Amino acid sequence: MVGASATAALAAVPSAAGAAPVSIDKPVLTKVSLTVNGQRRDLELDTRTSLLDAAREHLHLTGSKKGCDHGQCGACTMIVEGRRINSCLTLAVMHQGAEITTIEGIGQPENLHPMQAAFIKHDGYQCGYCTPGQICSGVAVLAEIKAGIPSHVTADLNATLQVTEAEIRERMSGNICRCGAYSNIVEAMTEVAGRPV
Amino acid sequence: MKSFTYERPSSPSEAAAAVARTPNAKFIAGGTNLLDLMKLQIETPAHLVDVNGLGLDTIEPTPEGGLRVGALVRNTDLAADARVRKDYAVLSRALLAGASGQLRNKATTAGNLLQRTRCPYFYDTAQACNKRQPGSGCSALDGVSRQLAVIGGSEACIATHPGDMAVAMRLLDANVETVDAKGSSRKIPMAEFHRLPGDRPEIDTTLKAGELITAVTLPKPLGGTHVYRKVRDRASYAYALVSVAAVLQPDGTGRAAFGGVSHKPWRVEAAEGDLPRGAKAVTDKAFAGAKPTHQNAYKLKLAERTLMAAIHEARA
């Protein structure tokens, strides 16, 4: 009896669920060419693929990290056409022909970028998960200050910018570090900027 | 994220036509808000029209002595433009008070105007939200509302416009230039660009379907001292609880607009005449008719005190 009613109930499921089948999203594939760390890469991607997923899942450049995947944490920060961006909040297909630098292109173990060396020297990380994003952002922040781009804490919008602790802290607010290495990151950036730590 | 088709047209009217003819199509520029919402399936476009190939990325002087800011000028570039820093500092300040460096590098002038609310009930798909799903109700009215609107809301919605840039543009009486699928263009004054929710909270602006923003024009400079003061839960990278954009003249007259308090940048011109009498005189008038919840009534006092701080900053 029990078995029979269970079978009947199962058989009734498709009609009870209605005529509409569960629609399965059909991926749309598009070709895209990116120049990543100086190397041209040709890919065929689902249009939904973020620049971060293109790097990590398709190019196996796993240095850039997926933290929140919503632009809130900065772990995915890359430098695209000379600007730091959240690679999780942009589609790879929107970057046809673009020059992209990931942490792997900033420096390598045998050839560290000064910012990477300074993070090691000043203990600018603990678990290391946010570090690739912190370093990409840190390199770009010093370039932004040099280029004269003001920030929220810039007192005089028309004066020459200085690399102060307040400027670094404000400009790095899009990079979260849950280990709390912030003060050491500020020291590392200050040293790379050529100012006394 | 739902799958979608993608195209990248090369002229503004082509882009407008592409969105007008394709069902459930959307423009994408910086994408920092749209992709966030697509990941959460709050936005589910079936087709994206990438406008990044359209140019529209320069800042040019206008014959009237103002500036015409292309729709695709990035927030970083608008804030850093020497003319904006000198003559429209309130706009630079507002932009720099918003988002993070990474987001400002991607976010565009037009996209910033079109960003959706950050009301927590809009973001939580398990909750009722008339803006996300018309007719479903509003969980915010009796919910956690400390961040939400105190004026201009309705029984259907108390969401706020989350941006800073738009508050400065409203203060400056900027105009939004658009083009539609037929190639005809129009100018929408910032005062009329964002709408109040009423019984159609799902509609944020007065743009028509498929209408594309091409530029924002700023009238000739106002002079005076420019201040943008933003109060938020942390020192950086957070939305405003209350913000004040103000341009104040040496004789104490000026303009003031408020962010974080309504579905649109909140500016009451009739209240600005009271600026020489101090902040309270202005906010009493500007917020007459406010309907705060018990959780966000503090914003009325905060608006007064933030304006007071802005006036002090301008005098210093």
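The second largest pocket of this predicted model is lined by 18 residues, among which Glu81(A), His95(A), Asn52(B), Arg74(B) and Lys106(B) lie nearest its centre. Two elements give two or more residues to this lining, namely β4 (83-86) of chain A and α6 (101-106) of chain B; helices (H or I, at least four residues) and strands (E, at least two) are DSSP runs, numbered from the N terminus. By class, the lining comprises six nonpolar, five polar and seven charged residues, where Ala, Val, Leu, Ile, Met, Phe, Trp, Tyr, Cys and Pro count as nonpolar, Asp, Glu, Lys and Arg as charged, and the others, Gly among them, as polar. The space in the second largest pocket amounts to about 490 Å³. A pocket is an open set of points on a 1 Å grid over the protein atoms alone where a 1.4 Å probe fits, with protein on both sides within 12 Å along at least five of seven lines, and lining residues have an atom within 4 Å of a point. Grid points are joined across faces, edges and corners, and the volume is the space filled by probe spheres set on the points.

Leu89(A), Met94(A) and Leu157(A) account for 21% of the area that chain A buries against chain B, more than any other three residues.

Two salt bridges are found across this interface (a side-chain nitrogen of Lys or Arg within 4 Å of a carboxyl oxygen of Asp or Glu). Lys39(B) forms a salt bridge with Asp69(A), with the closest N and O atoms 2.9 Å apart.

Residues are numbered from 1 along each chain as its sequence is written, and chains are lettered from A and ligands numbered from 1 in the order in which they are written. Local features need pLDDT of at least 70 and side-chain atom pairs count only at pLDDT 80 or more, while totals for chains, interfaces and linings use all residues, and side-chain values use heavy atoms, with hydrogens and water left out.

Key. Buried area = accessible area lost by both parts, 1.4 Å probe.
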